Amino acid sequence: MTPDDLVDAIKAAVAASLADGALAGTMPDEVMVERPRNPEHGDYATNVAMRLAKAAGRPPRDVAAIIAERLRQVDGIASVDVAGPGFINVSLAAASLGETARIVVRAGEAYGGNGNLVGETVNLEYVSANPTGPVHIAHARWAAVGDALSRLISASGAKVTREYYFNDAGSQIDRFAASLLAAARGEEPPADGYQGEYVADVAADVVQAHPGLLEAGADEALATFRHDGVELMFDRIKQTLHRFGVDFDVYFNERDLHASGAVDRAVERLRAAGHVFEADGAVWLRTTDFGDDKDRVIVRSNGQPTYFGADLAYYIDKRNRGADRVIILLGPDHHGYFGRMRGLVAGLGENPDDSLEIIIGQLVSLRGGRMSKRAGNLVTLDELMDVIGVDAGRYSLVRWAMDSPIDLDLDLWASRTQDNPVFYVQYAHARLSSLARNAAALGIERSADPDLGLLAHPRETALLGALAEFPRVVAGAAELRAPHRVARYLEELAGLYHRFYDACRVLPLADEPGASVTDARLWLCEATRIVLANGLGMLGVGAPDRM
RNA sequence: GCCCCCGUAGCUCAGCGGACAGAGCAGGCGCCUUCUAAGCGCUUGGUCGCAGGUUCGAUUCCUGCCGGGGGCACCA
């Protein structure tokens, strides 16, 4: 019996009690079961009686007693108790809980998925670092989180487009080109320019591809640096992210929006809707009509559009490509973007609550020193991977709630000890793989019809209960846009496995025949291995067979 | 001044309205002739920043303070 099956059984018990007049009221909108922290409270607990009590006009414990009586008749339920203020605590029969192992093994790689978002098309944009410098660790957080989120939302049945937006049309590109030219000439970068080794590297690559470039006129040289320099940065960024295991379905260039006239059309659409006015020689959007704290310029007095026009055109483009929901992950310095973008979308006549979701996460810092892109001594994603590797890099960035600033301790994440959470989880998987190899070497195979009711040791039932939770963890993490929940769950699961391993011998000792309990435990072990592998896979972290 | 995020054990953090608030680390004491000791067990440690409100029930939701971080461009 899965948690979802239990929910159905509880609903049926409530419905029957309502139908025959034992209870007054109506079915609650949502019936929840959760695993109690205290094992004495059974395998599952529900608060449904407390929710029903008011409408039923009876004390919660009385309501609970009525529902509990019906639940006791359900196959697979061993005992039902009413406890505390009105909780109904349910314990499953060992065989019913043990079936979880079979369910997991049969589903294999598909275990953990759900159909909650079937039919929905999501456009998920993240990283979108400007092509004026390498990917640094603040971007890396969105690479890790965004990629994990895309996997979780996919696992919930939605169609996801993973998208990267290159801001290759703004004034920062002019500064970048000027910085490249200065570097090529061996001069100091201009004020507000970019510095760092990569600037000289890229400049040298451009010069190598265009001999005589420095003898050309400054305008021509700048144009070349601008074009080729940006292309080279695109390549470097994609290469770094690919090494990190992060690839996108669409790399979108801002300049295409300008070149195609999409920006002008977007502005015209707003003008037609009556939200545009002119002042001080510039064109403004009245975003205050939609809750923004001040109106925004969309076309500067010099005729150049601001990034708002491009952002709006980009949003329209995503919607036209079929996205029901546009999700954008951004750093904390962009939180002002939220109100403006909502204003823009509302100006189109759409409800931003339905189609736009902007997720603001906090900073990543390293040994107290905050990353600053212009400072020149940035810590890049490549350097992070060099020091702690891809798996630890991804895991360390995805393990925290997005609202929490991260202070990465590189020494910890580079270590191969139990303090390092990624190694703790991966080690559990490696141990399980080793166990499977040893079983095979002994000629022991899982039978087709295990007696899973033998999995009755407290550490076995705790492990089974956690395995049964996995699909709900995945669904919840996807819904709440919180991949860290999967990481925390895996750490918990790894701990439960290590404790099981410590207490329950799986393989027979020498001269002992393989017993049916060995068979059942091999099913449990394989189920655990599958969940660890699937969970790590959703975070984009490897599940090694040996360590 | 306005806006966003945070405040939970010595440290780093988890807890989408429920039972005695949890984990890891750090400190203390134990467990390897048997499946990976990169592991496990026991143990010390809390006015969930403060004050109100909503609720049968608040660490969780709302308001106001206090403290910390980050934003408020015709830069992106």
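**Entry 1: Thr-46**

I am working from a predicted model, and I began with a threonine. Thr-46 sits in strand β2, which runs over residues 44-46. I asked myself: is Thr-46 buried or exposed? Thr-46 counts as buried, as its relative accessibility is 1%.

Next I followed its side chain. I found it reaching the backbone oxygen of Met-32 at 2.9 Å. The Thr-46 side chain also reaches the backbone nitrogen of Val-48, here at 3.2 Å.

Then I listed what Thr-46 touches, leaving out residues up to four places away in sequence. My list has Ile-10, Val-31, Met-32, Val-33, Gly-86, Phe-87 and Ile-88.

**Entry 2: Ala-503**

I moved on to helix α18, residues 484-503, where Ala-503 is found. Ala-503 is partly exposed, with 38% relative accessibility. Setting aside residues up to four places away in sequence, I noted contacts from Ala-503 to His-457 and Arg-459.

**Entry 3: the cysteines**

How many disulfides does the structure hold? I count 0 disulfides. Cys-504 is in none, and its nearest cysteine sulfur belongs to Cys-525, 9.3 Å away.

I checked the burial of both. Cys-504 is buried at 2% relative accessible area, and Cys-525 is buried too, at 5%.

**Entry 4: two positive phi angles**

I looked at backbone angles next. Val-127 is not a glycine, yet its phi is positive, about 70 degrees. I placed Val-127 in the loop that links β5 (121-125) to α5 (137-155). With a relative accessible area of 8%, Val-127 is buried.

Asp-280 is another non-glycine with a positive phi, about 55 degrees. Its loop lies between β8 (276-279) and β9 (282-285). Is Asp-280 buried or exposed? I have Asp-280 down as exposed, at 70% relative accessibility, whereas Val-127 is buried.

**Entry 5: the whole chain**

I finished by stepping back to chain A. I noted 19 helices and 15 strands. The C-alpha trace spans about 85 × 65 × 40 Å along its principal axes. Chain A has 547 residues, and 51% of them count as buried.

For contacts, I took those with a separation of 6 or more: 72% of them in chain A join residues 24 or more positions apart.

The accessible surface of chain A is about 24,200 Å², and carbon and sulfur atoms hold 48% of it.

I found 55 positive and 76 negative side chains in chain A. The centres of these two sets are 3 Å apart.

Definitions and conventions. Residues numbered from 1 in each chain as written. Chains lettered and ligands numbered in written order. Predicted model: local features only at pLDDT ≥ 70, side-chain atom pairs only at ≥ 80, totals over all residues. Heavy atoms only, no water. Helix = DSSP H or I, 4+ residues; strand = E, 2+ residues; numbered from the N terminus. Buried < 20%, exposed > 50% of the residue type's maximum accessible area, 1.4 Å probe, protein only. Contact = heavy atoms within 4.5 Å. Areas by Shrake-Rupley, 256 points an atom, 1.4 Å probe, with all protein chains shown as cover. Lys, Arg positive; Asp, Glu negative; His and termini not counted. Charge placed at Lys NZ, Arg CZ, Asp CG, Glu CD. Disulfide = S-S within 2.5 Å. Polar contact = N/O pair within 3.5 Å; in protein donor to acceptor, adjacent residues only side chain to side chain.
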